[in-house]
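Colleague: Could you walk me through this protein and tell me what lies behind the labels you use?
Modeller: Gladly; let's open the structure and go step by step.

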Amino acid sequence: MTDYESLVQEAEMLLERNKKGMTKEQTDEMLGMLHELKFIVPVNFIKDEAFEKMQKEMKESGKPVALSRDTKTVPVLIQNPDKEQFLAAFTQQSQIPEHMSYNGLIEMNLDACVKYVQASNSAIHGVAVNPFSHNFLLKLRKQKQVTEEQFHMLARKNVEFVLLPHDVYTRDKAFYDSIDAQLLYQMFRGQYQDKLPLAYEQDDFDVMQLGIRPDMDMIHISMPTKKMVAGSCERIYITWDKNDNRPGYYMIVRGAEKGSRDLVYIAANGETKKLMDAPVESMEMQLILDLEDER
């Protein structure tokens, strides 16, 4: 049994115990463990050209493939007796009943499940973990209104933590090579639309494409200092390993305490992980190269 399989087994034991009642401390422990899992989410793919291309790639490689930006999925929802809808998420495939109708499975961590529910225009009340066995319901409140400052913060986090890394991992080297100040500026324009005046100019984004080593390219991005708060990126480093044709996505994120900064990595599956306290700026690139060599 692998370490991850042991983790799933332990999480399911806690979910089973939760049915009989748990203390707040035990529930917090269980939630912490659930955040470490990769949930299997049944979906229905829209059968268009992107879907057919993905099917062809899977058939030829015999392996799972990354979703392209154009692939459209509709997660399967379930409904309780009160007619409240929930996103169904399963700790392992064996938890999915045979009668459930879907044409694909994707992996999502708990944060991604929560973000989907919060961003949905549908009346989804939360996430149901193993709804046909443990039925652990994580009910969420959707924030209907945000202040102007909150909007600026959410716009930044959407681009820095979601949209840009998604494109980096799901698109090709041609997209990587196209990343510049204009592309970032347009991403932010897409966030603001006509909701608020755009807080940034194109010149606020400083982007350098670096052929840093024969086997490694790197993009160094200095993000705008305007509207920067705790949790915002000061700099983004995007790597491209030429040997494996593989990107990497690193961020220097402003911490909650004055002067603190974190080195954060976002993986291809969307998992966000703090690696360590960020070093001084002059050491950032070398540290990231060392981390890439170990990956």
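This is a predicted model: local features need pLDDT of at least 70, side-chain atom pairs count only at pLDDT 80 or more; totals for chains, interfaces and linings use all residues.

Colleague: Thanks! What makes strand 10 and strand 11 a pair?
Modeller: Two strands pair if there are at least two bridges between them. Strand 10 and strand 11 (residues 246-254) have eight bridges, in the antiparallel sense, so by that rule they count as paired.

Colleague: And what joins strand 9 to strand 10?
Modeller: Seven bridges do, and strand 9 (residues 216-222) runs antiparallel to strand 10. H220 and Y237 are bridge partners there.

Colleague: Why is strand 10 described as largely enclosed?
Modeller: A residue is buried when its relative accessible area is under 20%. In strand 10 (residues 233-241), nine of the nine residues are buried, so the rest of the structure largely encloses this strand.

Colleague: Now the loops. Where is N245, and why is N245 called exposed?
Modeller: N245 sits in the loop between strand 10 and strand 11. Exposed means over 50%, and N245 has 55% relative accessibility, so N245 counts as exposed.

Colleague: What is the phi of N245?
Modeller: Phi of N245 is near 50°, which is positive although the residue is not glycine. Most residues other than glycine have a negative phi. The hairpin that holds N245 has four residues between its strands.

Colleague: Stepping back, how do you know that the radius of gyration agrees with a compact globule?
Modeller: For 295 residues, a compact globule would have a radius of gyration near 19 Å; the protein has 21 Å, which agrees. The C-alpha atoms fill a box of roughly 55 × 50 × 40 Å along the principal axes.

Colleague: What else describes the whole protein?
Modeller: The secondary structure comes to eight helices and 13 strands, and 42% of the 295 residues count as buried. Among contacts with a separation of 6 or more, 58% are between residues 24 or more positions apart. The protein exposes about 17,000 Å², with 48% of that supplied by carbon and sulfur atoms.

Conventions: Residues are numbered from 1 along each chain as its sequence is written. Side-chain values use heavy atoms; hydrogens and water are left out. Helices (H or I, at least four residues) and strands (E, at least two) are DSSP runs, numbered from the N terminus. The radius of gyration is taken over C-alpha atoms; the globule rule is 2.2 Å times the number of residues to the power 0.38. Buried means under 20% relative accessible area, exposed over 50%, partly exposed in between (1.4 Å probe, protein chains only). Contact means heavy atoms within 4.5 Å. Accessible areas come from the Shrake-Rupley method with a 1.4 Å probe; for residues, only the protein chains shown count as cover.
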